[in-house]
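Dear colleague,

Here is the structure I promised to pass on to you. Please look it over before reading my notes, which follow below.

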Amino acid sequence: MAGALYPPPGLVAELDSSLSLLEPGGGRAVAEGQRELQQQQQQAGAEDADLLPMVFLCAGCKRPVGDTMSWVTNDEDAGCILLRSAAASVSVEEERKLSKRPGECGCMIETLVCSGCSMTLGNIYRCTPKHLDYKRDLFCFNVDSIESYILGSSEKQAVIDEEPLTLESRAVLEEVLQRANTVLKALETRLSAVESSMASLHNKV
């Protein structure tokens with residue numbers, strides 16, 4: 001129809017939103033949606049905190065053995081963490097052994113040893129049953145054999161009590177040094193005179 005008026009698109013969207021609040025259960029749905037969004041944001045923040053760079057150290061000699069750059073997962077039941085790679089301070093024994101842990105029947109493992117203190121750090125699973133395939137060819141570190149350090153966790157800072165060196169303080173310092181140099185020269189002259197006197201007395205005797 002000619003001359004018909006149409007509301008702006010933005011106004012239509014606001015009207016639809018207002019009407020949805022007036023519908024039965026509409027306000028509850030919006031509130032639940034906001035609550036879910038807040039929970040997702042909180043979870044994302046917690047995940048970001050968990051992803052802070054971390055270095056793993058040998059519990060014996062504190063040498064670095066790995067970091068979270070090669071993180072794969074952790075196994076709480078077995079008490080270990082799994083990394084794709086390890087530091088050069090970790091040596092792998094060539095001899096393969098059968099795992100004696102419960103539930104690991106048929107697993108062929110190689111022992112991980114710290115090259116600094118010879119402490120056993122964990123294993124590499126070379127042959128595994130199907131339910132343990134996720135561990136195969138990964139560095140499995142026992143949590144009891146390592147320690148962790150989060151980069152940036154130190155809050156201590158160097159405390160500098162000295163005042164900064166300015167032109168004025170530098171001039172004062174140079175003047176003090178010059179006076180000390182003058183005194184040393186005077187003492188050196190007197191010492192030479194005393195030594196000459198003693199030498200002359202010794203010759204007379």
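Are Phe139 and Phe141 buried or exposed? Phe139 is buried, and Phe141 is buried as well, where buried stands for a relative accessible area under 20%, exposed for over 50% and partly exposed for values in between, with a 1.4 Å probe and protein chains only.

Before the rest, a word on the basis: this is a predicted model, in which local features need pLDDT of at least 70 and side-chain atom pairs count only at pLDDT 80 or more, while totals for chains, interfaces and linings use all residues. Residues are numbered from 1 along each chain as its sequence is written, and side-chain values use heavy atoms, with hydrogens and water left out.

As for the overall fold, the chain has 3 helices and 9 strands, taken as DSSP runs (H or I of at least four residues for helices, E of at least two for strands) and numbered from the N terminus. Along the sequence their order reads α-α-β-β-β-β-β-β-β-β-β-α. The chain has 205 residues, of which 19% count as buried.

The largest nonpolar core has 14 residues, and those touching the most other members are Phe56, Val65, Leu112, Leu121 and Phe141; such a core is a set of buried Ala, Val, Leu, Ile, Met, Phe, Trp, Tyr and Cys residues joined through side-chain atoms within 4.5 Å. Two or more residues come from each of strand S1 (54-58), strand S4 (80-83), S6, strand S7 (120-127) and strand S8 (139-142), and S1 gives the largest share, with 3 residues.

The search for aromatic pairs returned 2 in the whole structure, where rings of Phe, Tyr and Trp (its six-membered ring) pair if their centres lie within 6.5 Å, and planes under 30 degrees apart count as stacked, over 60 as edge-to-face and the rest as tilted. Phe56 and Trp71 are stacked, at 6.3 Å centre to centre with 25 degrees between the planes. Because Phe56 lies in strand S1 and Trp71 in strand S3 (residues 71-75), this pair ties together parts that are 15 residues apart in sequence. Phe56 is buried at 5% relative accessibility, whereas Trp71, at 33%, is partly exposed. Phe139 and Phe141 are also stacked, with 6.5 Å between the centres and 15 degrees between the planes.

The structure holds 0 disulfides, a disulfide being a pair of cysteine sulfur atoms within 2.5 Å. The sulfur of Cys58 has its closest cysteine sulfur in Cys117, at 3.6 Å, and is therefore too far away for a bond. Cys58 is buried, with a relative accessible area of 0%, while Cys117 is partly exposed at 34%.

Finally, Ser99 sits in the loop between strand S5 (90-98) and strand S6 (108-114) and is buried, with a relative accessible area of 13%. Its side chain makes a polar contact of 2.5 Å with the side chain of Glu104, and the side chain of Ser99 also reaches the backbone nitrogen of Arg101 at 3.3 Å. A polar contact is a pair of N or O atoms within 3.5 Å; within protein, one must be able to donate a hydrogen and the other to accept it, and residues adjacent in sequence count only if both atoms are side-chain atoms.

With best regards
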